[in-house]
Amino acid sequence: MRLPGLQAAAASPGPSARPPVSAAAAPGPGEPPAMTDDAVKLLLRRFYTLQGERVEAYRLFEEGHRAYLSSGPHYDFLRYRQLVHEITLAFSGISREILQIKEQLQAEHGRPELAQHLSRVQQKEKEKLELTAQLQLARQNVQDQPCVPAHQQEVQELKYKLIKTIEAISEILQDLKYDSEEAE
């Protein structure tokens, strides 16, 4: 499976090559604090855009894994490995840029409560990615050995953990939204 958009994004210089979002919007000496509020809004808008990109990357990851499983029993591992590589690059770039936003919120804009929400999202997203990878392996085990009940049980347990992690991310995003609107 070729993912031209994802592959192009992975081949680009990446988020670290972009100037910080707040660089153009940061208030200069003597400028009113409203500019800082605008800069914070821009940073948060960028964060939500990155979260959307992460959701799309997960969708592509799941779609690619389904295609990989359908290629069994002689799996097309090379194609799947390329997908995993491209997804890893995408997640890495997204995480790097979110960490930059977190640092800007804390250091440049004095918003440690918003930065803390981004840290919590990052931690839960890391858990989600690990659970997703474990779930994909468990699904392959079920496909390869359908008569082993422990494999199906593992899939169910991982699905439950994944749902709980996604719910936790949603709660953190709600807290972020509430705290960012409260400051307006």
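Which helix holds both Lys177 and Glu181, and how many residues apart are they? Both sit in helix α6, 4 residues apart, or about one turn of the helix. (Helices here are DSSP runs of H or I, at least four residues, numbered from the N terminus.)

## About the model

This is a predicted model, where local features need pLDDT of at least 70 and side-chain atom pairs count only at pLDDT 80 or more, while totals for chains, interfaces and linings use all residues. Residues are numbered from 1 along each chain as its sequence is written, and side-chain values use heavy atoms, leaving out hydrogens and water.

Lys177 and Glu181 form a salt bridge, with their closest N and O atoms 3.6 Å apart. (That term means a side-chain nitrogen of Lys or Arg within 4 Å of a carboxyl oxygen of Asp or Glu.) Lys177 is partly exposed at 43% relative accessibility; the cut-offs are under 20% relative accessible area for buried, over 50% for exposed, and partly exposed in between, using a 1.4 Å probe and protein chains only.

Glu167 and Lys164 also pair up in a salt bridge, at 3.4 Å between the closest N and O atoms. These two lie in α6 as well, 3 residues apart. An α-helix has 3.6 residues a turn, so residues three or four places apart point the same way.

Glu62 and Arg139 meet in a salt bridge of 2.9 Å, N to O. This pair links distant parts of the chain, with Glu62 in helix α3 and Arg139 in helix α5, 77 residues apart. Glu62 counts as buried at 18% relative accessibility, whereas Arg139 is partly exposed at 26%.
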